[in-house]
Amino acid sequence: MLSPARHRAVRRVTVALALSAALLTAGCGPSGGTGAHPAATASSPEGFPVTVDNCGVRTTYDRPPSRVVTIHQHPAELMLALGLKDRMVGTAFPDSAVLPELRKDFEAIPELAEREPSFEKILDSEPDLVYGGYGSAFTEKEGRSREAFADAGIDTHLNREYCGEKRVTMADTYAEVRTIGRIFGVPDRAERLVADLKDRVGEAASAVEGEPDVPVFVYDSGDKSAFTAGGKGLGTDLIRLAGGENVFADLDEVFGDVSWEQVVERRPEVIAVYDYAGSGSVERKKEFLLAQPALADVPAVRNKRFVVLPLTATLVGIRSAYAVDGLARGLHPESFR
């Protein structure tokens with residue numbers, strides 16, 4: 001196994017040789033890149049170059065990426081929904097059951113790791129773009145910083161929910177779809193997908209319009225304290241659109257820890273249980289909550305009102321529209337009879 005430094009050096013030589021060959025034979029430069037190459041720009045496909053500002057990193061794509069590794073499930077599903085299976089050379093960290101209509105394509109993509117793959121493992125796939133879902137995709141202490149990929153001649157894109165700039169809403173989901181559509185030169189597909197997602201959200205929101213908001217507590221995990229969805233993440237907006245109110249919307253985080261005393265004080269009427277690999281089964285989570293004496297008088301626990309959501313469905317990606325419908329049916333079942 002080559003050392004990271006040696007591997008980056010080899011990659012730079014390979015990219016340089018490929019560029020020289022392309023300039024000699026076709027008069028054009030390499031795909032993508034963090035800076036535009038004059039020759040490549042001159043022969044760029046229609047609609048390119050495309051420049052994207054993403055979480056403080058500006059990238060200019062001279063042409064659509066052709067070899068993409070996705071880290072985390074929601075970027076992979078978004079790409080598949082845009083018909084970009086042929087651009088994907090690897091994915092990693094599946095954490096929920098894949099949408100049935102995408103399952104066959106998802107299973108055809110090589111899985112590089114059960115969690116985030118190593119920098120070297122990603123390099124072995126020779127990507128020209130790495131698309132990460134959580135901030136952990138580009139953890140510097142594990143050698144996967146965006147700078148390290150740039151040094152290896154590989155572009156990166158991080159799901160906007162983890163840019164940390166503001167509260168995330170469904171508008172960010174639509175913007176993410178459109179941005180990926182621009183990067184890959186399929187803006188028309190992106191617009192059609194956005195229209196479909198908006199229709200799904202609109203139908204669910206219309207069904208519960210006028211109903212009183214239901215107080216909702218999100219239980220992700222935790223026993224000594226509760227790890228829950230805060231106000232900066234998309235989950236809060238999904239609850240709002242479904243006719244509810246996140247009782248921890250004032251938590252200025254995407255996710256964060258709160259005390260069980262706080263949960264009791266805020267008296268949620270419904271508990272949204274997030275389901276994903278590695279966090280324990282949904283049934284065990286419910287059993288834990290129902291067995292806590294301190295929670296016995298919480299309305300959601302007393303009435304055993306739970307809504308189960310795949311974690312993937314609560315993030316900036318195509319599943320979020322499905323989550324609004326699932327939440328709305330759980331919060332206001334009478335509106336769907």
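1. A residue counts as buried when its relative accessible area is under 20%. Leucine 311, with a relative accessible area of 7%, is therefore buried. The model under discussion is predicted, and the points below apply to that model.

2. Overall make-up. The protein chain has 337 residues, of which 52% count as buried. Its secondary structure consists of 13 helices and 13 strands. Taking contacts between residues at least 6 apart in sequence, 65% join residues at least 24 apart.

3. Leucine 311 and its surroundings. This residue sits in the loop between β13 (306-310) and α13. Leaving out residues up to four places away in sequence, leucine 311 touches Asp95, Ser96, Tyr134, Asp220, Phe255, Tyr274, Asp275 and Tyr276. Its C-alpha atom is separated by 9.5 Å from that of alanine 323, which is 12 residues away along the chain.

4. The second largest pocket. Leucine 311 also belongs to the lining of this pocket: among the 14 lining residues, Tyr134, Tyr162, Phe227, Tyr276 and Leu311 lie nearest the centre. The space in the pocket is about 360 Å³. By class, its lining has eight nonpolar, two polar and four charged residues.

5. The cavity. How many cavities of 30 Å³ or more does the structure hold? There is one, and the volume of the largest cavity is about 40 Å³. Its lining is made up of Glu161, Ala229, Gly233, Leu234, Gly235, Val254, Phe255, Tyr274, Thr314 and Leu315. Six of these residues are nonpolar, three are polar and one is charged. Phe255 and Tyr274, both in the contact list of leucine 311, are part of this lining.

6. Helix α3. Eight of the nine residues of α3 are buried, leaving the helix mostly covered. The buried ones are Gln73, His74, Pro75, Ala76, Glu77, Leu78, Met79 and Leu80. The elements that cover them include β3 (68-71), β4 (88-92), α4 (100-107), β6 (129-132), α7 and α13 (319-331).

7. Histidine 74. This residue is in helix α3, which spans residues 73-81. With a relative accessible area of 4%, histidine 74 is buried. Residues up to four places away in sequence aside, histidine 74 touches Gly133, Tyr134, Asn159, Thr312, Leu315 and Val316. Tyr134 is also in contact with leucine 311, and Leu315 is part of the cavity lining.

8. The two ends of α3. Histidine 72 is placed in the loop between β3 and α3. Its phi is near 95°, a positive value in a residue other than glycine. Histidine 72 has 0% relative accessibility, so it counts as buried. Just after α3, glycine 83 has a positive phi of about 75°.

9. Nonpolar cores. In soluble globular proteins, nonpolar side chains tend to be buried together. Here the largest nonpolar core has 63 residues, and the members that touch the most others are Leu82, Val177, Ile180, Phe184 and Leu327. Valine 177 is in contact with Leu78, Leu82, Ala190, Leu193, Val194 and Leu197, leaving aside its neighbours within four places in sequence. Another core, of 18 residues, lies apart from the largest one; Ala226, Leu251, Val258 and Trp260 are among its members.

10. The disulfide. The count comes to one disulfide. Cysteine 55 and cysteine 163 form it, with an S to S distance of 1.7 Å. The two cysteines are 108 residues apart, and the pair links distant parts of the chain. Cysteine 55 is in the loop between β1 (50-54) and β2 (57-61), and cysteine 163 is in the loop between β7 (155-158) and α7 (170-183). Is the disulfide left-handed or right-handed? The torsion about the S-S bond is about -65°, so the disulfide is left-handed. Cysteine 55 is partly exposed at 23% relative accessibility, and cysteine 163 is partly exposed with a relative accessible area of 23%.

11. Further backbone points. Phenylalanine 48 and proline 49 are joined by a cis peptide bond, with omega of about 10°. Proline 49 is in the loop between α2 (38-42) and β1. Lysine 304, in the loop between α12 (299-302) and β13, has a phi near 50°, which is positive in a residue other than glycine. Lysine 304 counts as exposed, at 60% relative accessibility, whereas histidine 72 is buried.

Methods:
Residues are numbered from 1 along each chain as its sequence is written. This is a predicted model: local features need pLDDT of at least 70, side-chain atom pairs count only at pLDDT 80 or more; totals for chains, interfaces and linings use all residues. Side-chain values use heavy atoms; hydrogens and water are left out. A disulfide is a pair of cysteine sulfur atoms within 2.5 Å. Helices (H or I, at least four residues) and strands (E, at least two) are DSSP runs, numbered from the N terminus. Buried means under 20% relative accessible area, exposed over 50%, partly exposed in between (1.4 Å probe, protein chains only). On a 1 Å grid over the protein atoms alone, a cavity is a set of points where a 1.4 Å probe fits but cannot get out, and a pocket is an open set with protein on both sides within 12 Å along at least five of seven lines; lining residues have an atom within 4 Å of a point. Grid points are joined across faces, edges and corners, and a volume is the space filled by probe spheres set on the points. Ala, Val, Leu, Ile, Met, Phe, Trp, Tyr, Cys and Pro count as nonpolar, Asp, Glu, Lys and Arg as charged, and the others, Gly among them, as polar. A nonpolar core is a set of buried Ala, Val, Leu, Ile, Met, Phe, Trp, Tyr and Cys residues joined through side-chain atoms within 4.5 Å. Contact means heavy atoms within 4.5 Å.
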